[in-house]
Amino acid sequence: MPPRGQPPPASGPGGPRPAVLLLAPLLLLALQGVAAAPAGAGGTEDSPGLQDAELQRGLLQQAARAALHFFNFRAGSPSALRVLAAVLEGRATVNPKKECQVDLVFTTDHYNREPFCLIPKSLFQDGEERLGKCSARVFFRNQKPRPAVNVTCTRLIEKNKRQQEDYLLYTHMKQLKTPLDVVSIPDSHGHIDPSLRPIWDLAFLGSSYVMWEKTTQFLHYYMAQISSVNQWKTNDDAVDFDYTVLLHEFSTQEIIPCRIHLVWYPGKPLKVKYHCQELQTPEEASGTEEGSAVAPTELNNF
Amino acid sequence: MKPLLGTLYLLGILVPEGLGYDGSLAQPRREVVEETVNPWKSLDTYSYTKYHPMEEIYQWMIQISEKYTGVVTQHFLGMTYEIRPMYYLKISQPSNNPKKIIWMDCGIHAREWIAPAFCQWFVKEILQNYKDNPRIGRFLRNLDFYVLPVLNIDGYIYTWTTDRLWRKSRSSHNNGTCFGTDLNRNFNVAWCSIGASKDCHDLTFCGTGPASEPETKAVSSFVESKKESIVCFLTMHSYGQLILTPYGYTKNKSSNHEELIQVGQKAANALKKKHGTNFRVGSSADILYTTSGASRDWARDIGIPFSYTFELRDNGTYGFVLPAAQIQATCEETMEAVLSVLDDVYEKYWDSDGAGKVTPTAVVLGLLVSFMSVL
């Protein structure tokens with residue numbers, strides 16, 4: 001392996017001794033030569049194709065996240081929340097205005113599955129059976145929020161079962177003693193008391209609306225923690241839930257507190273209002289943003 | 001040595017309190033509820049499936065070096081911003097042959113609690129198994145392990161006392177209006193050129209200069225001093241389920257990129273076999289985001305060949321606040337990945353019987369001899 005020409009590194013704290021100075025470049029060349037990978041590696045220029053592939057992959061991931069948040073919100077079902085499993089295929093096109101249209105197909109998994117599931121995923125032979133499948137079109141408006149989403153998914157849980165689970169969650173919620181004696185969910189050790197699990201799921205549902213609106217080509221969010229439950233009411237048959245959630249934005253690593261107020265009743269569209277504490281940036285203004293659910297359209301089944 | 005360590009340890013606890021080194025002027029501070037240190041707590045009852053506050057980790061390090069005296073020593077690395085001692089554990093079986101070094105650090109970002117948990121698990125696994133397990137035993141014939149269980153001690157303590165999602169160190173900036181530097185943007189490699197912020201309010205604040213922070217200085221001066229011997233630099237983070245190779249500051253690849261990917265992919269496969277968890281492998285700029293001043297990139301650029309960032313569980317469901325119930329599974333699978341990397345590193349430099357292979361050093365010596373003979 002012929003040694004590659006590389007600039008020598010900066011000298012260490014002690015400084016190289018005179019005799020070694022002559023040998024340092026030679027030493028380094030030898031080191032590089034032996035450690036080097038097959039020819040072609042080391043300081044290669046990017047092939048435009050490779051860059052595009054990575055860009056595509058990133059955009060598809062972003063689109064899948066936005067689509068899934070939107071889907072979860074519109075489904076309005078805390079017992080049927082989904083997470084992204086994998087992007088199967090897709091194509092992203094960027095127009096001169098730097099707006100981005102993405103068409104994609106992706107698979108989903110249950111959100112509510114126990115983290116330490118006893119059945120290893122590798123045992124599922126027929127992958128499609130336990131995963132849902134979605135196709136979506138997502139339109140990002142050059143770093144502006146509220147990507148337009150059109151998404152349809154195969155049924156993951158049978159409709160009756162889903163309604164049953166929702167209603168079960170709802171009855172649990174009604175039984176919770178108010179005022180709720182909680183500081184944060186989960187606690188610092190990641191523990192969520194089973195009796196409080198419905199609160200986490202409902203909070204995630206509300207946060208899905210917020211995370212959908214805030215996702216752009218470059219920004220994506222996860223729900224890190226519920227930092228406070230401000231109000232929890234279950235009179236008038238609906239759950240009236242006012243809470244503060246901490247969202248984690250991945251590319252900036254920032255934690256964004258959002259105050260969310262939602263009203264939920266099983267089977268009815270979710271009503272959400274929110275206000276996030278934004279970092280002051282030139283493009284954004286802080287302020288209250290409101291959103292409420294529109295009448296749900298039928299979710300098509302494949 | 002031990003009384004000195006004990007004094008330094010106490011100093012580390014008392015001095016910040018005494019000087020009122022709270023730092024969080026802006027927000028009201030929650031009651032400091034730190035568990036009382038019980039000096040007689042036995043190592044036998046230490047739980048590796050729980051998260052431990054810093055006081056307990058300090059104590060654990062002392063107990064580990066006491067229990068495994070022939071093989072483990074605790075060493076002082078430097079002081080943090082809030083004047084707390086940084087210690088690493090050196091695991092080394094005494095022998096006549098010169099050793100190569102494996103470096104592992106955890107907790108450079110305060111909120112990534114699963115990382116320090118893994119460092120402790122790793123140490124425990126090596127020490128409990130090196131005598132009976134030939135795979136681990138052979139490593140110690142030619143390798144020394146240097147493990148830094150918590151790099152960002154001030155930040156880690158802050159996540160226990162005040163803000164569970166704190167990321168940076170606790171250095172004070174702008175006349176006490178901002179706190180913390182992102183230590184993984186503070187290393188002297190393409191410093192603050194991309195993927196980092198010059199604004200002290202931001203979570204990727206790169207500091208006031210390359211290696212401006214005492215924690216960064218402590219790690220980099222030590223690692224630099226040992227760089228000829230270090231073959232592997234592993235820095236543990238969460239979350240994202242990734243094995244990252246250099247670089248973050250450029251899409252260009254390191255000279256041994258193919259090899260790093262191959263070794264990384266083998267490690268991800270080994271990890272997946274354990275509990276089915278999927279890890280992706282790639283350069284930081286390719287599969288994560290651009291960063292400058294990252295320790296992994298710095299380590300690679302000073303010549304350490306195998307340099308990786310591990311982003312442990314999960315994928316965002318719990319994120320930084322990974323349930324303690326998942327510590328065991330996460331540590332078990334990560335252990336498989338790290339052992340796989342160590343296998344590859346070991347086999348690259350030594351035969352299965354421990355005899356040295358052609359190494360960069362050997363080639364260099366050969367060249368030196370021939371060069372000298374020409375003069």
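Helix axes here are lines fitted to C-alpha atoms over the stretch in contact, with angles running from 0 to 180 degrees between N-to-C directions. With that in hand, here's a quick tour of chain B in this predicted model. We'll look at how helix 4 of chain B meets helix 10 of chain B, then at two residues of strand 10, Glu311(B) and Leu312(B), and finally at a loop residue, Thr80(B).

**Helix 4 against helix 10**

- Helix 4 (residues 134-142) of chain B and helix 10 (residues 327-349) of chain B have axes that come within 11 Å and cross at roughly 50 degrees.
- Anything from 65 to 115 degrees would count as roughly perpendicular and anything under 35 as roughly parallel, so helix 4 of chain B and helix 10 of chain B end up oblique to each other.
- As for handedness, helix 4 of chain B makes a left-handed crossing with helix 10 of chain B.
- On the helix 4 side of chain B, the contact uses Arg135(B), Ile136(B), Arg138(B), Phe139(B), Arg141(B) and Asn142(B).
- Helix 10 of chain B brings Glu336(B), Leu339(B), Ser340(B), Leu342(B), Asp343(B), Tyr346(B) and Glu347(B) to that contact.
- Sorted by type, the residues of this contact come out as 5 nonpolar, 2 polar and 6 charged.

**Glu311(B), the annotated position**

- UniProt, in an unreviewed entry, puts the feature "active site" at Glu311(B).
- You'll find Glu311(B) in strand 10 (residues 306-312) of chain B.
- Its relative accessible area is 9%, so Glu311(B) is buried, the cut-off being under 20%.
- Setting aside neighbours within four places in sequence, Glu311(B) is in contact with a run of residues including His237(B), Ser238(B), Tyr239(B), Gly240(B), Gln241(B) and Leu242(B).
- Leu244(B), Phe279(B) and Leu288(B) are also among the contacts of Glu311(B).

**Leu312(B), also in strand 10**

- Leu312(B) sits in strand 10 of chain B and is buried, at 0% relative accessible area.
- Leu312(B) and Met236(B) are 76 residues apart in sequence, yet their C-alpha atoms are 7.4 Å apart in space.
- Beyond residues up to four places away in sequence, Leu312(B) touches Met236(B), His237(B), Ser238(B), Tyr239(B), Gly240(B) and Gln241(B), among others.
- Other partners of Leu312(B) include Ile114(B), Phe118(B), Phe279(B), Thr330(B) and Thr334(B).

**Thr80(B), in a loop**

- Thr80(B) belongs to the loop between strand 1 (72-79) and strand 2 (85-91) of chain B.
- Not counting residues up to four places away in sequence, Thr80(B) touches Met86(B), Ile153(B), Asp154(B), Pro214(B) and Glu215(B).

Conventions: Residues are numbered from 1 along each chain as its sequence is written. Chains are lettered from A and ligands numbered from 1 in the order in which they are written. This is a predicted model: local features need pLDDT of at least 70, side-chain atom pairs count only at pLDDT 80 or more; totals for chains, interfaces and linings use all residues. Side-chain values use heavy atoms; hydrogens and water are left out. Helices (H or I, at least four residues) and strands (E, at least two) are DSSP runs, numbered from the N terminus. Angles under 35 degrees count as roughly parallel, over 145 as roughly antiparallel, 65 to 115 as roughly perpendicular and the rest as oblique. A crossing is left-handed if the near helix is turned anticlockwise from the far one by less than a right angle, and right-handed if clockwise. Contact means heavy atoms within 4.5 Å. Ala, Val, Leu, Ile, Met, Phe, Trp, Tyr, Cys and Pro count as nonpolar, Asp, Glu, Lys and Arg as charged, and the others, Gly among them, as polar. UniProt positions are given in the numbering used here, feature names are shortened, and annotations may be inferred rather than shown by experiment. Buried means under 20% relative accessible area, exposed over 50%, partly exposed in between (1.4 Å probe, protein chains only).
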